[in-house]
Amino acid sequence: METKEEADGPGAPGLCCASFNQDTTSLAVGNKTGYRLFSVTSVDKLDCVYESADTPDVYIVERLFSSSLVVVVSQATPRRMNVYHFKKGTEICNYSYSNNILSVRLNRQRLVVCLEESIYIHNIKDMKLLKTLLSTPPNPSGLCALSINHSNSYLAYPGSATIGEIIVYDANNLNTVTMIPAHDSPLAAITFNAAGTRLASASERGTVIRVFSVPEGHRLLEFRRGMKRYVNISSLSFSPDNQFLCASSNTETVHIFKLEHPTPSGEESSPTWSAYVGKVFSAASSYLPAQVSDMMNQDRAFATVRLDVYGQRNVCALATIQKLPRLLVTSSDGQLCIYNLDPHEGGECVLAKKHRLLGSDSESGGSEETEPQTGPPAQSLPTYAATVATSSATPSPATLTGYSEDGGARKGEIIPEHEFAAGPVCLDDENEFPPISWCRDGTGSGKGRRA
């Protein structure tokens, strides 16, 4: 969910990074002057809920769901991670590492920091360092994925620098779960679905996308993005309902695949033309060499989007906005495009709205943006406690039980008891959990130091 792009100079336009939050309700972008947080809950209106110019050259910015916790890394101090409570305008803590930080991933229990040859797993409640994975295979892009589900909190990262092996690690119990031999060439992108039960991957060749079961590691589905050329796939994203998977690359096309599973007993779900053609290919493939047979059994895109820009790095996500499925694409030139997805017919997606993420309202290309706040926002902004309150004992993939982004008051508490509450969770994120005033050493300095 993240894209990094080098700018040409100190005043160069464009984004240094962009990332959607865990449930695709917020977009965080960083550039030469600082970072911005947007609310992505409407097609026609893009609200900038916060803007900071205190930290220049931001190349990593990650927000925890719709909370006030945001993690920032700047090119000025690439080995230091700063954790802020942006609603209060305070720094919760900062942490320094032995090498440059390449990526950061968050869920309600864990904060994961990825360096080129090591990974650090923190308890997000008090920022205690729980586990250090040293001597991991060289990972110059910081590729990793963290499941957002509190009971399936899995971490995935490359198991090899030469082939597409994926290590699946249990970030709750701190042990390796499985190794998946996903591709013949090195990995380019990986992502979990919302429930943490599926893992999608693509290699540097960019022609095939595969979906595996978690934690078993069984291959479930395989999609072919194309055969003409190799491409650099920059992002993969499941839809909240686990029905679709989208993939963006350095080409002008974004592909959306439908996650259909074979019906039991060979029953036909619908006598469509595509189903008939699929049966013909499947029957013919048994008489062909294995390599050709694999290609014929790979599903093609259910829907596509043709972008206006070409060759720019971008990040895509699938979301439900105003009760309809949408595709969101943010590109390094500072634009957010929202497309309508027909969940029944697929085909070419229609552009619904284009928003400018940089510049003033007069330069926003017709999108409606509210004036960004430069300090603590108004009290009318919903608290994080309101966003995590649940009404049922069994959380759905898109609505998970609570967490207070401010962290706990007791050192060493790994998973708060309210994560396993059987009923609705209601937290007072302003009073019950004050901002952390210490990190690992508990000295009250607010500085995290590596041993």
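Five strands build an open sheet, ordered β22-β23-β24-β25-β29, with mixed pairing. The edges belong to β22 (233-238) and β29 (347-348). Each has a single partner strand, so one side of each is left without a neighbour in the sheet. The model is predicted.

Strand β23 covers residues 244-249 and strand β24 covers residues 253-258. The two run antiparallel and share four bridges. Which residue in β24 is the bridge partner of Leu245? The partner is Phe257.

Now turn to another sheet. Four strands make up this open sheet, in the order β26-β27-β28-β30, and the pairing is antiparallel. Here β26 and β30 are the edge strands, and each pairs on one side only. On average, neighbouring strands of this sheet are turned by 20 degrees against each other, direction ignored.

How many salt bridges does the structure hold? There are eight. One of them joins Asp308 and Lys354, with the closest N and O atoms 2.9 Å apart. The pair links distant parts of the chain, as the two residues are 46 residues apart. Asp308 sits in the loop between β25 (303-306) and β26 (314-321). Lys354 lies in strand β30, residues 350-356. The two ends have their own accessibility classes. Asp308 has a relative accessible area of 64%, so this residue is exposed, because exposed means over 50%. Lys354 has 28% relative accessibility and therefore counts as partly exposed.

Next comes the salt bridge between Arg36 and Glu51. Their closest N and O atoms are 3.4 Å apart. Why does the pair tie together separate parts of the chain? Arg36 lies in strand β4 (residues 35-39) and Glu51 in strand β5 (residues 45-52), so the bridge connects parts that are 15 residues apart in sequence. The side chains of Arg36 and Glu51 are also joined by a polar contact of 3.4 Å.

Is Arg36 buried or exposed? Its relative accessibility is 12%, so Arg36 counts as buried. The cut-off for that class is under 20%. Glu51 stands at 23% relative accessibility and therefore counts as partly exposed.

Another salt bridge involves Lys45 and Asp47. Their side chains meet at 3.7 Å, N to O. That value falls within the 4 Å limit for a salt bridge. Asp47 has 22% relative accessibility, so this residue counts as partly exposed. Lys45 has 32% and also counts as partly exposed.

Technical notes: Residues numbered from 1 in each chain as written. Predicted model: local features only at pLDDT ≥ 70, side-chain atom pairs only at ≥ 80, totals over all residues. Heavy atoms only, no water. Buried < 20%, exposed > 50% of the residue type's maximum accessible area, 1.4 Å probe, protein only. Pairing = 2+ DSSP bridges. Axes fitted to C-alpha atoms, helices over the stretch in contact; angles between N-to-C directions. Polar contact = N/O pair within 3.5 Å; in protein donor to acceptor, adjacent residues only side chain to side chain.
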